[in-house]
Amino acid sequence: MPSSAMRRRRAVSPVPPARDDDRRAICRQVKFVLNSLVRRVDRRMQPLGLTGMQWEPVLMLWLKRAGTVAGLARAGGVGFASMSRMLDRLEDKDLLRRVRSATDRRVVHLELTPKGRRVAGRIWPIVVEAMDVHLDGFSKDELSRFNEYLARMLANGARDAEDA
């Protein structure tokens with residue numbers, strides 16, 4: 001007797017039904033837009049000596065969105081070990097330093113060096129320009145609705161992740 005998972009796999013056609021065309025197109029386009037944004041920003045980070053993965057932690061520290069390895073890992077959606085290795089490279093470039101907490105020796109705070117602050121100040125305009133290019137021609141109302149749709153998609157994904 002086949003398992004229930006095997007029965008479900010057999011029941012699903014390898015060719016999605018036509019009614020799913022809009023759903024697939026939307027999800028593919030969201031992916032393509034993200035890739036396009038990232039490519040544009042990454043190209044403009046090269047003169048700053050930053051790779052695609054390095055500029056975001058520098059920016060997050062500058063914006064004060066996080067101040068620890070764990071906080072940056074959460075904000076960037078990457079693992080703690082990966083973020084820690086990334087920060088080693090940024091520390092080698094003299095963009096940030098680790099400072100042990102005076103009140104809790106287990107906590108290590110991150111702070112930008114003077115060089116890191118100068119570089120970080122150049123990152124934000126690059127990111128804003130990439131957003132402006134991609135959102136050109138949208139009205140304020142369209143941007144508001146688009147943001148609502150994306151927030152709903154994120155909420156649906158978060159709800160699904162909780163069920164898993």
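This is a predicted model: local features need pLDDT of at least 70, side-chain atom pairs count only at pLDDT 80 or more; totals for chains, interfaces and linings use all residues.
Q: Which pattern does the protein chain follow when read along the sequence?
A: The protein chain has seven helices and two strands. Read along the sequence, these elements follow the pattern α-α-α-α-α-β-β-α-α.

Q: Which helix gives the most to the nonpolar patch?
A: A nonpolar surface patch of about 670 Å² is made by Trp 62, Trp 124, Met 131, Leu 135, Phe 138, Leu 143, Phe 146 and Tyr 149. Two or more of these residues come from each of helix H6 (114-134) and helix H7 (140-163). With three residues, the element that gives the most is H7.

Q: Does Tyr 149 count as buried, partly exposed or exposed, and what is the reason?
A: Tyr 149 is found in helix H7 and is one of the residues that make the nonpolar patch. Buried means under 20% relative accessible area and exposed means over 50%, with partly exposed in between. Because its relative accessibility is 42%, Tyr 149 counts as partly exposed.

Q: Is Arg 40 buried or exposed?
A: Arg 40 lies in helix H2 (residues 21-45). Not counting residues up to four places away in sequence, Arg 40 touches Glu 129, Ala 130, Val 133 and His 134. The cut-off for burial is under 20% relative accessible area. Since the relative accessible area of Arg 40 is 16%, this residue is buried.

Q: Which elements are included in what covers the buried residues of H4?
A: Helix H4 (residues 69-76) has Val 69, Gly 71, Leu 72 and Ala 73 buried. The cover over these buried residues includes helix H3 (55-62), helix H5 (80-92) and strand S2 (108-112).

Q: Which residue with a positive phi follows H4?
A: H4 spans residues 69-76. The phi of the residue that follows is near 65 degrees, and that residue is Gly 77.

Conventions:
Residues are numbered from 1 along each chain as its sequence is written. Side-chain values use heavy atoms; hydrogens and water are left out. Patches are made of residues with over 30% relative accessible area and no salt bridge: like charges are joined within 9 Å, nonpolar side chains (Val, Leu, Ile, Met, Phe, Trp, Tyr) within 5 Å. Accessible areas come from the Shrake-Rupley method with a 1.4 Å probe; for residues, only the protein chains shown count as cover. A salt bridge is a side-chain nitrogen of Lys or Arg within 4 Å of a carboxyl oxygen of Asp or Glu. Helices (H or I, at least four residues) and strands (E, at least two) are DSSP runs, numbered from the N terminus. Buried means under 20% relative accessible area, exposed over 50%, partly exposed in between (1.4 Å probe, protein chains only). Contact means heavy atoms within 4.5 Å.
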